Structures are given as structure tokens and as C-alpha cells.
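Please look through the sequence and the structure below, and then follow the explanation one region at a time.

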Amino acid sequence: MDDRRRVAVPTSQPDRGERMARLVTAAREGSEDALGQIVTELSPLLWQVARAAGLSAADAEDVLQTVWLRLVSHLDGIRTSSALTAWLVVTTRREAWRVRATARRQLPADQDWLAALPDTEPGGEERAVLDDQRRALWAAIRQLPPRCQELLRIIAFVSRPDYSAVAAELGIPRGSVGPTRGRCLAKLRAALADGPEGSLR
Amino acid sequence: MKPTDSGHSAADGPLDDVDFGILGDIRQAFDEADPMPADLPERIRFSLALRGLEVEVARLAAEEDRQVLAARGAEQSRTVTFDSDSLTIMIRIDSNSDGTARVDGWLAPPQRREIEMKTSADSLSVASDEQGRFAFARVPRGTAQLIVRPGEPGQSGSGRSVVTPALIL
């Protein structure tokens with residue numbers, strides 16, 4: 001383990017959950033600033049949820065706006081950071097499906113969003129090691145079933161204490177990322193260990 | 001510890017530092033490959049800045065760009081339709097010669113309502129007629145949002161404001 005890995009892990013401070021719950025309460029009481037802080041904190045996650053569902057960038061933006069507007073009238077039933085994150089993720093996913101289902105937004109038959117991603121940009125020599133690791137990671141992700149790719153892409157942007165709630169909402173009764181590693185992450189680990197680079201460090 | 005050690009990377013094992021490291025790497029990889037537009041949270045905050053919380057959300061239902069023949073040649077005209085539970089809002093956006101936008105709109109079912117166009121600069125307000133028609137003659141280009149204010153009792157969806165997502169004029 002090097003430090004870079006540890007730094008990249010989503011926020012997991014014990015007080016984050018409390019802070020988010022306080023922001024939800026303030027937002028429910030009409031604080032635009034509190035709602036704005038929640039938007040800033042969780043929009044990057046919802047962006048990935050919408051894009052992982054196969055939406056274009058423009059459609060993903062529309063869906064995020066719709067989801068946040070809808071949250072305003074649903075704040076009454078939401079008390080915890082986990083409940084908030086889970087509601088936002090599942091609502092974004094549903095809205096994304098809804099948009100995809102409309103006839104005017106034809107998608108390519110294959111929805112391999114991974115294939116549509118740009119390749120890692122070539123970097124200088126000092127980036128070579130990192131690039132190798134990144135390439136190995138993309139290669140390993142591509143070996144996973146699409147369902148696992150989507151789950152891990154979403155979970156990677158979720159704050160640690162909210163893993164279980166979000167995974168449950170994503171409808172994976174067993175093998176989800178929560179207190180246990182889950183099938184998808186176990187497969188990715190195995191793929192990384194067996195990859196051409198040979199090890200995960 | 002090697003991650004391949006049997007028993008340490010099983011699906012039913014507890015998440016360990018290697019897992020958190022991998023998830024961190026996935027996050028970083030997607031953050032670089034497919035980042036959220038940096039100004040999106042600001043646009044969302046803009047569209048959330050509503051006076052009352054009791055709102056009905058209109059979704060973007062259709063959008064069409066087309067070239068129209070104008071006096072000075074071809075110009076872009078854009079038609080956008082929003083649907084909410086009680087209302088359909090359709091707007092056509094055309095260019096004025098001074099660079100501002102002209103917005104003609106229709107409400108269905110047709111009805112008189114107060115309609116607000118919120119822009120980053122200020123707020124414009126007009127009323128629709130009995131046929132549900134309304135028009136903003138000059139709207140500054142940029143981010144804008146429509147808010148249909150509550151109507152008379154008895155009208156469809158009269159109790160709540162209907163808001164659209166922010167759109168770029």
C-alpha cells in the first residue's frame with residue numbers, strides 16, 4: 001500500500017455522516033446554502049451513476065437537475081446520510097432509464113460505456129508506472145460483467161459508511177459491496193492479481 | 001500481505017485496505033476519464049434557488065434544433081418541451097438582432113398563469129393568456145429557468161409552482 005491509494009479513498013471521517021444529516025435538516029428547513037453544499041458533495045457521484053446507465057453528457061446533466069429538483073419535495077422522509085445517498089442514487093438511475101427509454105434518445109445497441117471512454121493520456125516518464133497501473137485497472141474492469149462494472153463505478157464514488165445502503169438500493173441482495181467485499185470486487189481483485197502486470201503491489 | 005492470499009480476497013470476506021485502495025483507484029480513473037462538468041453543481045444550485053419548497057418538477061421531454069429561414073438568412077430556432085404532472089410547457093427560442101433571446105411559449109392545458117423567467121442577472125415576469133400563450137421578448141443569453149406560478153383555484157395543477165430545470169439560452 002502506498003499513500004496515494006489511501007488518499008484517493010472517498011471521505012470516511014466519522015463526522016461526515018453527522019454533517020450530512022445536519023445539512024439535510026437545514027435544507028428541509030429551507031436553507032439554500034445547506035442544499036447547495038449537499039449538491040456540491042454528491043453531484044460527482046450522481047454524474048457517474050447517470051453516465052454508467054449509458055446516458056450522453058447532455059442527458060446526464062438534465063437527469064441530475066431533475067433529480068435534485070425532485071429531492072426538494074422528498075426531504076421530509078430523509079433523515080440520514082445513508083438514506084440521502086441511497087435515495088439520490090436510485091432516483092438518478094430510474095430517471096436515467098426513463099430518459100433512455102424515450103424513443104428520441106436512441107442509443108447504440110451495445111451500451112459498452114467503457115469502450116467509449118478515452119484512453120489514458122500518455123504522460124511523461126514519471127507517470128509511466130502510474131499509467132501501467134491505470135491500464136491494468138481498466139483491463140481488469142473490462143473483464144467484469146457489465147453489472148459489476150456499473151456497481152463498482154458507482155460504489156467507488158460513495159462514502160464508506162453508505163456502501164451497504166447504496167448497494168442494497170441497487171438491488172443486489174447478495175454479493176454486494178457492504179460489510180463484505182462482494183462478488184464484483186472479489187472478481188476485480190482476482191483479475192488484477194492475474195493481470196499481465198502480475199501483481200497489485 | 002498479498003491480495004491473492006487465499007481466504008483474504010473471498011467474496012464474503014470483510015473489506016480491507018486493499019479493497020479501499022482499489023475503489024479509490026477506480027474513483028480516480030473515472031474522475032479523470034469521465035469527469036462531471038465543473039460548472040454543473042453551480043447550474044443545479046441555480047435551479048434549486050426557489051422561494052417556496054412546494055414545487056412540481058417539469059422534466060425535459062423533447063428538444064429540437066432547426067434552421068429557420070429568416071430575413072437575414074438561416075437562423076437557429078430551438079424548441080424545448082417540458083412535462084410535469086399537471087402541465088406541459090413548450091417554448092421556442094429565437095435570436096433577437098441584439099444578441100438576446102426571444103422566448104415564445106405555450107402552456108397545455110391552456111390557462112392564464114404568471115410565468116417567471118429566472119436568469120443569472122434577474123427575473124422577468126409575464127402572464128399567459130387564455131390560450132396559454134406567453135412571450136419573453138428579450139432574455140439575456142445564459143442560464144435560465146422557467147417557473148409557472150400557482151394559478152386560480154380549480155385550474156389544473158394550480159396549487160403549486162411548476163419549475164423547469166435550468167437551461168442554457
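Leaving aside residues up to four places away in sequence, A:Ala53 touches A:Arg93, A:Ala96, A:Trp97 and A:Arg100, where contact means that the C-beta atoms, placed from the backbone, lie within 7 Å. The model is predicted, and local features need pLDDT of at least 70, side-chain atom pairs count only at pLDDT 80 or more, and totals for chains, interfaces and linings use all residues. Residues are numbered from 1 along each chain as its sequence is written, while chains are lettered from A and ligands numbered from 1 in the order in which they are written.

A:Ala53 sits in the loop between helix H3 (32-52) and helix H4 (57-72) of chain A; helices (H or I, at least four residues) and strands (E, at least two) are DSSP runs, numbered from the N terminus. Because 22 other C-beta atoms lie within 10 Å of it, A:Ala53 is buried (buried means 20 or more such atoms within 10 Å, exposed 12 or fewer, and partly exposed in between, with C-beta atoms placed from the backbone). From A:Ala53 to A:Val39 the separation is 14 residues in sequence and 20 Å in space, C-alpha to C-alpha.

In chain B, strand E9 (residues 143-148) has five of its six residues buried, so it is largely enclosed by the rest of the structure. Strand E6 (residues 114-119) of chain B runs antiparallel to E9(B), joined to it by five bridges, and strands count as paired if DSSP finds at least two bridges between them. Within E9(B), B:Gln145 is the bridge partner of B:Lys118.

E9(B) also pairs in the antiparallel sense with strand E11 (residues 167-168) of chain B, over two bridges, and there B:Ala144 stands opposite B:Leu167. With strand E10 (residues 161-163) of chain B, E9(B) pairs in the antiparallel sense over two bridges, and B:Ile147 stands opposite B:Val163.

Notes
Contact = placed C-beta atoms within 7 Å.
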